[in-house]
Amino acid sequence: METNSETNSLATGYSLGDCHTHLDQYPREEIPEILGRANEAGVGFIICAGTTVESSAACIDMAQEFGPLYAGVGIHPMEANQIVDSGTYSRLESLARDNPKVVCISEVGLDFLPTSPDREIQFQVFREQIRLALALNLPIIFHSRESHPEVFQVLREEEAGQVGGAMHYFQGDEATAREAIDCGFYISLARPLLRLPELQDAARAISLDNIVLETDAAPQPFKKHRYNWTEPRHAQAVAQQLAELKGISVEEVAEVTTRNLAKLLSLEDRSALDSSPRSSGHS
Ligand SMILES: [Zn+2]
């Protein structure tokens, strides 16, 4: 990430990456300010994940406009209301293949809340998108809620470890973390690390070499104060908490987790390949 941290000239002495957000759900005019606050908190690059075909296109559009943003293409399990037929597969494929700022297949996975879409459809949608990730050699950043055994089974059956990726918004225990790592995935930690003791134990137990950071930032109108809405800048608090739990410096957390994420997303290969001019996204 040398190139990126230099071009972004972060306000801190370290560079963090936020591997999962939904910044496309914020009004476009707020993005420069959000990126400015991220920069002040040392967050150098941010992935914006799609939840539908349309929002995947919106994430790509934003990533093309703002230098620190990258995009994920995917259909979220909560949006998996119909199977991925050949038409939808082709649309996802062309979005992911034709844009240098697409770095992963995301947000995909399974969600077994009672109100979630039909499970058979979710399985089909998840599997098709893993196949797409394998065909395009892109990592998978996945969602799992009340569905960990099924997610791990699908990842193994589809040999998703060939591309790897991250288990997003991880809130499980150490055994769950170890299983995700064994499937070939990083553990992505977010703000719950600040308050869940079991998650703190898991984070202490697993190696920093298996961890990346995220915020899952999206508008949160249910929170009274706009100031409290999660933004990429909050990755700094997650990094500080992790540093405290592991008894190391925040600089070391930043160095290792950012290296992990850059490697997982092949960002260095991409900046070498992508010579198109980029705006800095903030002034
Ligand atoms: Zn998400």
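## Overall fold

The secondary structure of the protein comprises 11 helices and 8 strands, where helices (H or I, at least four residues) and strands (E, at least two) are DSSP runs numbered from the N terminus. The radius of gyration, taken over C-alpha atoms, is 17 Å, close to the 19 Å that the globule rule gives for 283 residues, so the protein is as compact as a globular protein of that length; the rule itself is 2.2 Å times the number of residues to the power 0.38.

This is a predicted model, in which local features need pLDDT of at least 70 and side-chain atom pairs count only at pLDDT 80 or more, while totals for chains, interfaces and linings use all residues. Residues are numbered from 1 along each chain as its sequence is written.

Among contacts (C-beta atoms, placed from the backbone, within 7 Å) between residues at least 6 apart in sequence, 76% join residues at least 24 apart.

## The sheet

An open sheet of 8 strands runs in the order β1-β2-β3-β4-β5-β6-β7-β8 with parallel pairing, two strands being paired if DSSP finds at least two bridges between them. At the edges stand β1 (16-21) and β8 (211-213), each with a single partner strand, so one side of each is left without a neighbour in the sheet. Neighbouring strands of this sheet are turned by 30° against each other on average, direction ignored.

Strand β3 (residues 69-73) is joined to the parallel strand β4 (residues 102-111) by 3 bridges, and Val-73 stands opposite Ile-105 in β4.

## Helices α3 and α4

Helix α3 (residues 53-65) packs against helix α4 (residues 86-97) at an angle of about 10°, with their axes 10 Å apart; axes are lines fitted to C-alpha atoms over the stretch in contact, and angles run from 0 to 180 degrees between N-to-C directions. The two helices are therefore roughly parallel to each other (angles under 35 degrees). Val-53, Ser-56, Ala-57 and Ile-60 in α3 meet Thr-88, Arg-91, Leu-92 and Leu-95 in α4.

## Pro-117

Pro-117 lies in the loop between β4 and α5 (119-136), and counts as partly exposed because it has 17 C-beta neighbours inside 10 Å. Not counting residues up to four places away in sequence, Pro-117 touches Pro-77, Met-78, Ala-80, Asn-81 and Gln-122.

Terms used. Contact = placed C-beta atoms within 7 Å. Parallel < 35°, antiparallel > 145°, perpendicular 65-115°, else oblique. Buried ≥ 20, exposed ≤ 12 C-beta atoms within 10 Å, placed from the backbone.
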